[in-house]
Amino acid sequence: MCDIRFFRRAFLDYRAAENLLKIPENDEAYMNAVAYHLQQAVEKALKAFLECVGVTVPNTHDIDRLVRMSRDNGSQAIVTEWVKEKADMLTRWEAETRHDVDYCVEEERVRMGLAEVRHFLELNGLKEELREELKRFGAKEELAAFFPKGYCPASDFQWNCLYQIYRKRMEKRRADAL
């Protein structure tokens with residue numbers, strides 16, 4: 001089983017971006033810091049999904065490469081069109097915001113990025129509240145059949161991540177039972 005703490009780190013980078021944007025001192029340095037954390041959220045989520053399918057993740061910040069690796073290796077990540085289309089921009093946000101003092105991410109792009117990264121994370125179950133699929137009767141028990149004996153997720157966030165990881169296996173098991 002993969003280590004879902006990596007998903008938590010991706011989510012915390014998103015939350016850091018969200019909280020930084022609330023600081024009234026929204027100058028270029030703050031916008032760059034928000035952009036950096038948004039890129040990190042996407043990168044870490046994609047890497048976590050790759051680890052869950054047994055892929056040794058290279059030391060890269062290249063979002064396009066991680067998207068292709070996810071697609072080619074059967075990752076359970078749901079990659080949104082925005083992430084695919086903005087992969088190069090997100091990759092620049094990682095490097096340029098940290099190393100180029102003249103680089104500046106526009107507030108409008110940061111705000112759009114915040115909404116789109118939130119959407120990407122939520123589609124992949126990275127949220128605090130329990131996803132709808134797990135609220136139906138018996139859903140948690142069905143999912144728990146894939147866990148090691150005695151393992152029980154400690155939070156709704158963990159249940160959400162595990163659902164995303166095992167979603168396709170659950171669907172296959174249901175189809176085979178018909």
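User: Does Phe157 count as buried or exposed, and at what relative accessibility?

Analyst: This is a predicted model, in which local features need pLDDT of at least 70 and side-chain atom pairs count only at pLDDT 80 or more, while totals for chains, interfaces and linings use all residues. Residues are numbered from 1 along each chain as its sequence is written, and side-chain values use heavy atoms, with hydrogens and water left out. Buried means under 20% relative accessible area, exposed over 50%, and partly exposed in between, with a 1.4 Å probe and protein chains only. Phe157 therefore counts as buried, at a relative accessibility of 3%.

User: How are the rings of Phe11 and Phe157 placed relative to each other?

Analyst: Rings of Phe, Tyr and Trp (its six-membered ring) pair if their centres lie within 6.5 Å, and planes under 30 degrees apart count as stacked, over 60 as edge-to-face and the rest as tilted. The structure holds six aromatic pairs. In the pair of Phe11 and Phe157, the centres are 5.3 Å apart and the planes stand at 50°, so the pair is tilted.

User: Which helices hold Phe11 and Phe157, and how many residues apart in sequence are the parts that the pair ties together?

Analyst: Helices are DSSP runs (H or I, at least four residues), numbered from the N terminus. Phe11 counts as buried, at 7% relative accessibility. Phe11 lies in helix H1 and Phe157 in helix H8 (residues 156-177), so their pair ties together parts whose separation in sequence is 146 residues.

User: What kind of pair do the rings of Phe147 and Tyr151 form?

Analyst: Phe147 counts as buried at 8% relative accessibility, whereas Tyr151 counts as partly exposed at 30%. Ring pairs also link these two residues with Phe146, Trp159 and Tyr166 into a cluster. The centres of the Phe147 and Tyr151 rings are 5.4 Å apart and their planes are at 85°, so the pair is edge-to-face.

User: Where do Lys84 and Glu81 lie?

Analyst: The side chains of Lys84 and Glu81 form a salt bridge, at 3.3 Å from N to O. Lys84 is partly exposed with a relative accessible area of 41%, and Glu81 is partly exposed with 48%. The two residues are three apart, about one turn of the helix, and both lie in helix H4 (residues 81-85).

User: What separates the closest N and O atoms of Asp176 and Lys172?

Analyst: Asp176 and Lys172 are four residues apart in helix H8, about one turn of the helix. Asp176 counts as exposed at 53% relative accessibility, and Lys172 counts as exposed at 51%. Their salt bridge has its closest N and O atoms separated by 2.9 Å.

User: Is Val34 buried or exposed, and how far in space is its C-alpha from that of Arg15?

Analyst: Val34 is found in helix H2. At 0% relative accessibility, Val34 counts as buried. Val34 and Arg15 are 19 residues apart in sequence, and their C-alpha to C-alpha distance in space is 9.8 Å.

User: What separation do the C-alpha atoms of Ala45 and Arg174 have?

Analyst: Ala45 lies in helix H2, and Ala45 is buried with a relative accessible area of 1%. Along the chain, Ala45 and Arg174 are 129 residues apart, and their C-alpha atoms are separated by 27 Å.

How values were computed. Salt bridge = Lys/Arg side-chain N within 4 Å of Asp/Glu carboxyl O.
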